[in-house]
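Thanks for asking me to look this one over.

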Amino acid sequence: MEIVVFGSGLMAQAVAFDLIRQKDVAKVYMIDVDKRRLRTVKNFLSSPKLVTVQADARDRKLLPLIERCAVAVSCVPYNFNFRLTKLAIAARTNFCDLGGNNTVVRRQFTLNKEAEVAGITVVPDCGLAPGMTNILVADGVNRLDRTEEVHIRVGGLPVKPKPPLFYKLVFSAQGLLNEYAEPCLILEGGKIKKVPALTGSEMLRFPEPFNSLEAFHTSGGSSTLPETFEGKVKTLDYKTIRYPGHRLMFLLLLKTAIGNWRRVPRAQLACALERTLGFETDDVVLLRVEVKGIKLGQKRTIRYQLIDYRDRKTNLTAMMRTTGFSAAIVALMLGRGQVLKQGVLPTEKAIPSSRFISELRHRGFDLRITSRAG
């Protein structure tokens, strides 16, 4: 099969890295307006399967190229994804993206009938969180007779944090701002509720050397899970993991330097954050999903835990691996006909969890699944 990837940033590089290593992938087309970055990616991946195309991802002149591909993968900022979904429908090509913005994803769902008529499958939110976490939640729910609580905790962090923020960027600053600024969807008492980002702080622990950590509400991570499980699960929340002190220092920085930062244009603020924080290459991704409920009349907790570091052999960061490889797995499942439903579908409903987990482990991820009483 042939696959097209929109974008050539860090996550797009990881997606392409995984795709070109598959025997049934003949070509991967990478589209970006930045010729210099395309050249850098081509040198990095160094594969005859990779074909770079300098173009705007929204250009309808790309339609013939998209039509010849089994799948299109969007790794560009989320505000492109609605138009790219329409382009994929016009091309009758399966589509998935990294998503992350609740408003954009809900606009994509309005195209469900069009996707069904085109005979394709569209799956938004296919990165790490949302994406991998949605599929793990669905897997946990399927293991129980009745689910009562779902708690998702995920963070991409520098291995060696430095004050004052104890953080560097591990993905786009625009994505970080979306998480920190937009309202967060949770389930409380079985009903959907909106809570402000950067609230709900709690402490948690991971194995050494990650002892004391902080988690708090951020936007986008729960994705479609609240709608999917409304009325079926009492409590569901998503929180981002950071080193202690980051949340308060971040708020102080923004308030001191920018004032009412939520009114500052996102692009301007993103540039300021990139200058202030910089990007981290020596990172770690921490993931913990807990699904609690009843199995055979007894209380059970299903826990999924993953700790992943930068791969020094491939030079892929932990965030690139966990996000990009997740999207690549979904793209391959779409291209291989392993997703049977058509239309615009939530990740947790579209992707068979057992096959996805098997693919993660095939790529060397140490995903640990435990089940305990209580």
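1. A definition to begin with: a polar contact here is a pair of N or O atoms within 3.5 Å, where within protein one must be able to donate a hydrogen and the other to accept it, and residues adjacent in sequence count only if both atoms are side-chain atoms. By that rule, the side chains of S223 and D125 are joined by a polar contact of 2.4 Å.

2. Some ground rules. This is a predicted model, with local features needing pLDDT of at least 70 and side-chain atom pairs counting only at pLDDT 80 or more, while totals for chains, interfaces and linings use all residues. Residues are numbered from 1 along each chain as its sequence is written, and side-chain values use heavy atoms, leaving out hydrogens and water. Helices (H or I, at least four residues) and strands (E, at least two) are DSSP runs, numbered from the N terminus.

3. Back to S223, which sits in the loop between β11 (212-217) and α9 (225-229). Its relative accessibility is 1%, so S223 counts as buried; buried means under 20% relative accessible area, exposed over 50%, and partly exposed in between, with a 1.4 Å probe and protein chains only. Leaving out residues up to four places away in sequence, S223 touches N102, R106, D125, P130 and N134, where contact means heavy atoms within 4.5 Å.

4. Now the sheet. Seven strands make an open, parallel sheet in the order β3-β2-β1-β4-β5-β6-β15. The edges are β3 and β15 (343-344), each pairing on one side only; two strands pair if DSSP finds at least two bridges between them. Strands β5 (residues 94-97) and β6 (residues 121-123) run parallel and are joined by two bridges, and F95 has V122 as its bridge partner in β6.

5. Two helices deserve a look against that sheet. α1 lies across β1 (2-6), β2 and β4 (71-74), at about 170 degrees to β2. Helix α12 (residues 318-335) lies across β1, β4, β5 and β6, at about 170 degrees to β5. Axes are lines fitted to C-alpha atoms, for helices over the stretch in contact, and angles run from 0 to 180 degrees between N-to-C directions.

6. How much of α1 is covered? Nine of its ten residues are buried, among them M11, V15, F17 and L19. The cover over these buried residues includes β1, β2, α2, β4 and α12.

7. I liked α2 (residues 35-45), whose buried residues are L38, V41 and L45. Viewed down the axis of α2, these fall within an arc of 65 degrees, so they line one face of the helix; the arc is that of the directions from the helix axis to the C-beta atoms. They pack against α1 (10-19), β2 (27-32) and β3 (50-54), while the face turned away carries the exposed residues K35, R36 and N43. At the N-terminal end, D34 caps α2, with a side-chain oxygen 3.1 Å from the backbone nitrogen of R36. Just after α2, S46 takes a positive phi of about 45 degrees.

8. Finally, the cysteines. A search of the whole structure finds zero disulfides, a disulfide being a pair of cysteine sulfur atoms within 2.5 Å. C126 counts as buried at 1% relative accessibility, and C184 counts as buried at 2%.
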